[in-house]
Amino acid sequence: MSKRRLNSPAAALPWLLLGAACTTTQPHYVDVQLPAYASAIFVECASTNGALAFQVNQNGQTVEAADLEWAAKASGDWGLASYSPIGQTLFQIQFNKQKQSFEATGRGGNWLESVTITREGFLRYKGQKLGLKPDEFPCFFSGHLPRGWLRQVVSYKADADGLHLAVQDQERLTEVTIAKHGSDSPWAWQSTSNWDVYWGLRKESVQLQSRRDASMVLTAENLQGIECRWSPKEEE
């Protein structure tokens, strides 16, 4: 029997369509009932505000540091700003949810020109996927995860180490691990989001970790050596 060769676009088309259909299959979501200490980690990202001390470390050295204030409206819009000791605005970032766009003013805002948002709502920086959505950041700023993730859980289990949830949002699969209540783990919870690049030939990830000292740490596989760290700060 002869073998068919897929050496033409016409011959390959049915297989490409089949692959596309398989990748868009609706996930099977499951309902979860979390204990109170775990449920408190998931919050609504809108209508929140606060202040934080923020720094960017590269290979163990601090390259940027600032005190920031942020606020998120019920509409999903949010803003982030840094002020001088006399109250002068040093820089400001505004996210418009309806337009899915950013605006930046003040010092060091040029880098935001390299940030774009995909049709699926995920961030890109210089063409590289970051695996996070801009309207999720107010939750991250406050040291929490979006409550909407609980509607996208595809698997859940509990073991001696804690609770484990897998959250599927389109192309992104996020593994959330919550340390057992009373655990001596250095972190209270961590989330690792994974997605495919180059048509599935490679996977990349971004990790958020909530430390016991109330600080948050963000690292990304495609931003090696760079760590973003922030912690809550009392507003003056």
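**Salt bridges and a cavity**

Select Lys203 and Asp196: they form a salt bridge, with the closest N and O atoms 2.7 Å apart. The term means a side-chain nitrogen of Lys or Arg within 4 Å of a carboxyl oxygen of Asp or Glu. Lys203 is exposed at 53% relative accessibility, while Asp196 is partly exposed at 34%. Here buried means under 20% relative accessible area, exposed over 50%, and partly exposed in between (1.4 Å probe, protein chains only).

Before moving on, note that this is a predicted model, in which local features need pLDDT of at least 70, side-chain atom pairs count only at pLDDT 80 or more, and totals for chains, interfaces and linings use all residues. Residues are numbered from 1 along each chain as its sequence is written, and side-chain values use heavy atoms, with hydrogens and water left out.

How many salt bridges are there by this rule? The count is 10.

Next, select Glu171 and Lys129. Their salt bridge brings the closest N and O atoms to 2.8 Å apart. Glu171 sits in the loop between β12 (162-169) and β13 (172-179), and Lys129 in strand β9 (residues 128-129), so the pair ties together parts 42 residues apart in sequence. Strands (E, at least two residues) and helices (H or I, at least four) are DSSP runs, numbered from the N terminus. Glu171 is partly exposed, at 34% relative accessible area.

Now go to Lys133 and Asp169. This salt bridge has its closest N and O atoms 2.9 Å apart. Lys133 is in the loop between β9 and α3 (137-141) and Asp169 in strand β12, so the pair links parts 36 residues apart in sequence. Buried or exposed: which is Lys133? Lys133 is buried, at 15% relative accessibility. Asp169 is buried too, at 7%.

Lys133, Glu136, Asp169 and Arg172 are linked in a network of salt bridges.

Last stop: select Phe122, Lys129, Gly131, Glu171, Arg172 and Trp195, which line the largest cavity. A cavity is a set of points, on a 1 Å grid over the protein atoms alone, where a 1.4 Å probe fits but cannot get out; lining residues have an atom within 4 Å of a point. There is one cavity of 30 Å³ or more. The volume of the largest cavity is about 40 Å³. Its lining divides into two nonpolar, one polar and three charged residues.

Key:
On a 1 Å grid over the protein atoms alone, a cavity is a set of points where a 1.4 Å probe fits but cannot get out, and a pocket is an open set with protein on both sides within 12 Å along at least five of seven lines; lining residues have an atom within 4 Å of a point. Grid points are joined across faces, edges and corners, and a volume is the space filled by probe spheres set on the points. Ala, Val, Leu, Ile, Met, Phe, Trp, Tyr, Cys and Pro count as nonpolar, Asp, Glu, Lys and Arg as charged, and the others, Gly among them, as polar.
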